[in-house]
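The sequence and the structure are shown first.

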Amino acid sequence: MLDKKSLSERDICTKFITPAIVKAGWNLNTHFLEEVSFTDGKIYVRGKLHSRGKAKRADYILYYKPNIPIAIIEAKDNKHKIRDGLQQGLDYSETLDIPFVFSSNGDGFVFHDKTVTDGEIEKEISLDEFPTPEELWAKYKKYKGIVTEEETSIVEQDYYDDGSDRKPRYYQQIAINRTVEAIAKGENRILLVMATGTGKTYTAFQIIWRLWKAKAKKRILFLADRNALIDQTRRGDFKHFDKSMTVIKNHNVDKAYEVYLALYQGLTGTDASQNIFKQFSKDFFDLIVVDECHRGSANDNSAWREILSYFSSATQIGLTATPKETDDISTTEYFNEPIYTYSLKQGIDDGFLAPYRVIRITLDVDAEGWRPPRGFRDKEGNLVEDKIYNRLEFDKKLVIEERRKLVAEKITEFLKGSNRYDKTIVFCCDTEHALGMQSELANQNADIVSQNYKYVLRMTGNDDIGKRELDNFIDPNETFPVIATTSELMTTGIDAQTCKVIVLDKNINSMTTFKQIIGRGTRINEAYGKHYFTILDFRNSTDHFADTDFDGDPLRVKPISENDNLSDILSEEETDETPIIDEISAEEIKFVKPEIRNPNSTANFVPFEKVVVNGVDVSVLVSRELSFDKDGKLITRKLTDYTKEIVTEQFATLNEFLNKWNASDKKETLIQELENQGLMVEELLNSVDKRLDLFDLICHVAFDQPPLTRSERANNVRKRNYFTKYGEQ
């Protein structure tokens with residue numbers, strides 16, 4: 001007789017669980033998959049080294065149709081109780097958005113049904129009572145409010161499959177399925193919030209494909225605000241629409257297509273006669289997808305919003321990594337609350353996005369300000385106004401040449417210490433600053449630039465050479481350009497897969513802009529050695545990491561009233577329309593200063609000359625690497641206090657820690673567990689110049705034990721060994 005207790009978990013699956021679900025009508029590969037890894041495992045960075053954590057893996061995921069998961073099974077060996085896998089299954093089901101959870105040890109199943117609101121939510125069933133696909137699908141549809149045959153046909157429409165092994169990631173599945181279900185039920189304004197680098201365009205493609213194939217949406221408009229975004233979309237997943245797709249350009253309209261890609265700017269103009277979107281009837285499109293919808297379309301008074309208002313009868317889907325919520329602009333007011341959010345933190349925890357190191361470099365003039373000596377003149381020979389200039393004014397109003405040179409030196413110094421061919425984006429205050437930094441970086445890297453001038457290029461809206469080289473910069477197979485200096489052009493939508501260094505030398509007041517800039521480095525490309533990226537911060541912009549809103553849900557802050565008057569004042573902070581200004585070819589030495597405007601005045605901007613000075617003594621005041629906790633938040637308390645908190649969360653007493661330490665076959669495993677909880681081993685050891693063993697250091701910091709240096713510990717061992725030379729006497 002078979003002794004179940006002697007069988008492994010895998011044996012239990014093979015001999016009891018799989019036969020039970022097959023008997024109920026679930027087909028292997030078509031309806032269910034075993035041992036499904038649904039994350040990649042978080043990447044941990046230790047200095048210049050990195051390692052992957054464990055991927056999350058479900059024992060079984062059951063699908064009604066490919067990419068439509070509806071149930072999860074967690075298995076245990078028969079030494080466990082039948083319900084011992086339930087808690088893990090429920091935890092996974094929350095992540096995977098799955099309503100039906102089963103646990104089994106081979107004797108039967110515990111069935112947890114999230115769709116039950118009044119009655120038996122959890123019950124035991126025998127191996128022969130496992131529900132069929134049709135039974136669970138009927139419960140699923142009722143739970144989701146899918147009622148009619150038309151709604152069902154839309155929800156059951158297949159994903160696009162090109163025959164390769166490519167499948168959407170779990171969060172993409174959730175975003176696609178929730179959106180298709182919502183539209184099937186008649187919802188017309190939908191917002192998806194997905195961190196940069198998580199595949200918003202692929203997600204949009206699958207949503208459009210399923211709705212298009214189901215004939216629920218026949219004419220579709222995909223809107224973006226950058227040519228690069230349209231080009232990437234057309235050449236990428238959208239190429240599968242083939243001859244049904246066209247790009248609207250040169251103000252030409254052809255109504256013979258079904259899928260249209262367009263720039264906002266290509267549909268609108270400075271006067272009504274250039275608004276070519278009005279050549280379409282108001283009901284021509286029945287689906288509009290708005291990429292980077294936090295930008296112009298989020299503003300009530302934007303010309304871009306006029307397009308969406310004109311096609312108001314169409315279902316409209318907004319895609320963004322950063323919903324915009326200010327006094328004047330609200331993404332959620334227009335598109336409603338997000339139907340699904342996948343955050344930067346979650347993407348890093350899952351191992352789909354690259355983690356970051358932050359090195360903050362503070363220059364003395366930035367920290368202390370700079371006041372010109374009496375009679376100090378600029379490069380033009382003009383007296384410089386006697387006042388204290390600060391970091392907010394450097395490179396916007398006042399150019400200190402020595403400051404720019406030092407920033408270029410520190411960037412170059414970092415690249416020489418890592419890899420001089422690591423793709424790097426330097427974010428500057430404006431196009432003139434970007435040009436100046438290009439020159440300074442070229443001087444610092446003359447040995448390479450003399451061989452290929454494209455080693456460092458300015459990439460701004462008014463630089464044709466830089467814009468032409470943008471594709472080469474983001475192509476992993478192209479070595480040059482390596483360093484791109486920019487102001488606004490590359491803040492959003494640029495798929496720089498191998499960008500390893502983000503340099504912040506601009507004042508960033510907008511959380512939206514900060515998130516978009518950080519997003520340029522979050523993509524992983526393991527084939528090209530891209531596992532994490534480094535942020536070099538010269539302006540304290542990474543203070544945004546300490547903001548509770550950095551990775552939180554968007555908060556509605558715009559006041560709503562019947563007589564809402566939008567302010568006519570431009571702040572120093574970037575607005576979402578700023579990149580359009582970046583396209584203007586202006587004199588490089590000019591900059592634009594916003595001023596309070598008379599509502600009746602047509603004058604929007606007053607140009608000012610930048611003051612350029614040299615002969616200023618500039619030095620690095622402090623340079624340090626910032627630390628983040630396990631939740632990705634900037635650590636602002638002492639390292640010892642943070643360490644004590646991490647250790648005592650795991651071990652309440654010294655004895656607990658000692659018992660675990662002594663019982664561990666491999667001390668590295670225990671250390672890895674603590675590191676996974678946020679313990680910063682390398683930083684801790686460096687804080688004492690590695691004079692203490694990690695064991696002694698943890699005992700000292702977490703449990704107030706007297707520390708022993710390595711030499712003291714070695715000396716104690718020698719003393720003990722000395723007495724073993726003699727016998728008992």
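## Overall architecture

The model is predicted. The protein chain has 729 residues, of which 51% are buried. Its secondary structure comprises 25 helices and 26 strands.

Among contacts with a separation of 6 or more, 72% are between residues 24 or more positions apart. The chain exposes about 34,400 Å², and 46% of that area is supplied by carbon and sulfur atoms.

## Backbone geometry

Most residues other than glycine have a negative phi, and most peptide bonds are trans. Several sites in this chain can be read against that background.

Asp97 is not a glycine, yet its phi is positive, at about 60°. Asp97 sits in the loop between α2 (86-96) and β6 (100-104). With a relative accessible area of 25%, Asp97 is partly exposed. Glu292, also not a glycine, has a positive phi of about 50°. The loop that holds Glu292 runs between β13 (287-290) and α9 (303-310). Glu292 is buried, its relative accessible area being 5%.

The peptide bond between Phe480 and Pro481 is cis, with omega about -5°. Pro481 belongs to the loop between α17 (470-474) and β20 (483-486).

## Salt bridges

The structure holds 36 salt bridges. One of them pairs Asp97 with Arg178, with 3.0 Å between the closest N and O atoms. Asp97 is in the loop between α2 and β6, whereas Arg178 is in helix α5 (residues 170-184), so this pair ties together parts that are 81 residues apart in sequence. Arg178 is partly exposed, with a relative accessible area of 25%.

A salt bridge also joins Lys454 and Glu469, at 2.8 Å from N to O. Lys454 lies in the loop between α15 (446-449) and β19 (456-458), and Glu469 in the loop between α16 (464-468) and α17; the pair therefore ties together parts that are 15 residues apart in sequence. How do the two partners stand in terms of burial? Lys454 is partly exposed at 22% relative accessibility, while Glu469 is buried at 9%.

Salt bridges that share partners join Asp366, Asp395, Arg403, Arg404, Asp430, Glu432, Asp505, Arg539 and Lys610 into one network. Within the Arg404 and Asp395 salt bridge, the closest N and O atoms are 2.5 Å apart. Both Arg404 and Asp395 are buried.

## Selected surface sites

Lys213, Lys215, Lys218 and Arg219 form a positive surface patch. Of these, Lys213 is in helix α6 (residues 200-213). Lys213 has a relative accessible area of 42% and is therefore partly exposed.

Val247 is part of strand β11 (residues 245-248). Val247 is partly exposed, with a relative accessible area of 23%. Leaving aside residues up to four places away in sequence, Val247 touches Ile230, Arg234 and Leu261. The C-alpha atoms of Val247 and Leu263 are 8.9 Å apart, and the two residues are separated by 16 residues along the chain.

Conventions. Residues numbered from 1 in each chain as written. Predicted model: local features only at pLDDT ≥ 70, side-chain atom pairs only at ≥ 80, totals over all residues. Heavy atoms only, no water. Patch = residues over 30% accessible without salt bridge, like charges linked within 9 Å, V, L, I, M, F, W, Y side chains within 5 Å. Areas by Shrake-Rupley, 256 points an atom, 1.4 Å probe, with all protein chains shown as cover. Salt bridge = Lys/Arg side-chain N within 4 Å of Asp/Glu carboxyl O. Lys, Arg positive; Asp, Glu negative; His and termini not counted. Charge placed at Lys NZ, Arg CZ, Asp CG, Glu CD. Helix = DSSP H or I, 4+ residues; strand = E, 2+ residues; numbered from the N terminus. Buried < 20%, exposed > 50% of the residue type's maximum accessible area, 1.4 Å probe, protein only. Contact = heavy atoms within 4.5 Å.
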